[in-house]
Amino acid sequence: VHPVAGRLPGHMNVLLAEANVAYDTVQEMDEVNPRMSDVDVCIVVGANDIVNPDTKSNPNSSIFGMPALEVWNAKKVVVLKRSMATGYSGVENPLFHLENTMMLFGDAKTSADRIYTALDQRQTEIAGQSGGESTDNEVIELMAEDDYPEAVGIIGVVVETAAGESRVALVPEGVPKLRELGFSILLQKGAGLKAGICDEAYSRLGGVHVVQTAVEVFQKAHVVLKVGEPTMEEASMAEPNQVIVGCFRKQDSAPLLQEVAQRHATLINMACIPRISRAQTLDVLTSMANIAGYRCVIDAFNRLPRFSRTAVTASGKLPPAKVFIIGVGVAGLSAIATAHSLGAKVYATDVRMAAREQVESMGAEFVMVKESTLGEGVGGYATEVSQNFQESQRRLYTKYVAEADVVITTAMLPHAPAPVLITRSMVGSMRSGSIIVDLAAAGGGNCELTRKDEVVTDQQSGVV
């Protein structure tokens, strides 16, 4: 992760997960550079200015002093590029001419596949004998009871009371980690039941005390963990100097903040965690969007009265379902991956042109508005676009929505209502039984017929 970028973009988490690449392999530039001289082979894919030695060695260069990945210190450098063209700054890169650099021209995906195939054929020769296979079964490692430090603080976990909420703020795997930090756990009875976790799964780990009510948790805990927004009733239970952690939209939260402030407590909103690389492991929005993208496809096909994939029967061949995804952020990419894996024909669109390559790399077809515009906003959100663009966009959506069996919308704007992209007339053009899943419902919805937390069936068209 280069410091100019600040963090790994959220959609990269989805792509890495699809490729089965562990997140802990992602490192910041300052972690990588000191060890670059120990690297046997460094493969550079497309980067140019940020791997230019002139940033360090040529005071006359226009990019001198810019943070750079010091790949030239590796024993061997392989650069994957389409040509010898300069980067964004228009500055020549001497890296391409160093003795330890090799240039591999062509499409990066094709080149990477060729490299992988060559390495795979020689993996025994290169890596030697394997140190054993890893297992997917995660085991909670426990220290001896006497090895845990004495608890100096109490973390409370309460039952989530929001309608339809089945998550829990703390899973058993987190208990030993919190105990190592000097905390004991105060758990409301049944806090994990809707997530399939019994109280015994917590208490057998030690350092966990189960109480009957949320009132008892708020009376004794120094920190109270929640998945969603604390209710006004919970806020009224807050003790002075207590910390409550949750995740909620900032809109309409003024009464809650005022109540917590009057109680002289602190409320931490996980949705406001800064989007920088150091805080990436705390990025709950990305994690939940990934899950939402997966789950919305599963729910859609559970309701759709048709097959997701091509099916050959004694009476003939059935075509795959058509899925149209609007908004290709983290949730959109996750939805693409899931729908594609179920055999559906997937179309996706986004106002950000950078999304095209991501969409196509996951097996979907990118649908582009002809009047292209820059719609990339801060933090991975889309920006509002021009009136002409909206009219062209509406015509495009009208065509693809009418042909789709499943439409998934994910378009959100920061600190503003979600844009209405699917009109009532578009819904009426869909076949009966077709499904629209509006992941922007919390912000007002992308569909004109959306009602938050409700399943709505249009009586005229039969669309759900």
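Me: Which residues have the most contacts inside the largest nonpolar core?
Reply: This is a predicted model, where local features need pLDDT of at least 70, side-chain atom pairs count only at pLDDT 80 or more, and totals for chains, interfaces and linings use all residues. Residues are numbered from 1 along each chain as its sequence is written, and side-chain values use heavy atoms, with hydrogens and water left out. A nonpolar core is a set of buried (under 20% relative accessible area, 1.4 Å probe, protein chains only) Ala, Val, Leu, Ile, Met, Phe, Trp, Tyr and Cys residues joined through side-chain atoms within 4.5 Å. The largest one has 29 residues, and those with the most contacts inside it are F301, V323, I325, I336, V406 and I408.

Me: Which element gives the most to this core?
Reply: Helices (H or I, at least four residues) and strands (E, at least two) are DSSP runs, numbered from the N terminus. Among the elements that give two or more residues to the core are helix 1 (10-18), helix 11, strand 12 (322-326) and helix 12 (330-341). The most, six residues, comes from helix 12.

Me: How many of the residues of helix 12 are buried?
Reply: The buried residues of helix 12 include V330, L333, I336 and A339. Helix 12 is mostly covered, and the count of buried residues is 10 of its 12.

Me: How far apart are the end C-alpha atoms of helix 12?
Reply: The expected span of a helix is 1.5 Å times one less than its number of residues. For the 12 residues of helix 12 this should give 16 Å; the distance found agrees with that, at 17 Å.

Me: Within what arc do the buried residues of helix 11 fall?
Reply: The buried residues of helix 11 are T286, G293, C296, V297, A300 and F301. The arc is that of the directions from the helix axis to the C-beta atoms. Seen down the axis of helix 11, these residues line one face of the helix, because they fall within an arc of 115°. An α-helix has 3.6 residues a turn, so residues three or four places apart point the same way. For helix 11, the arc is 115°.

Me: Where is I276, and what separates its C-alpha atom from that of L8?
Reply: I276 lies in the loop between strand 9 (266-269) and helix 11 (284-303). I276 and L8 are 268 residues apart along the chain, and their C-alpha atoms are separated by 7.9 Å.

Methods: Buried means under 20% relative accessible area, exposed over 50%, partly exposed in between (1.4 Å probe, protein chains only).
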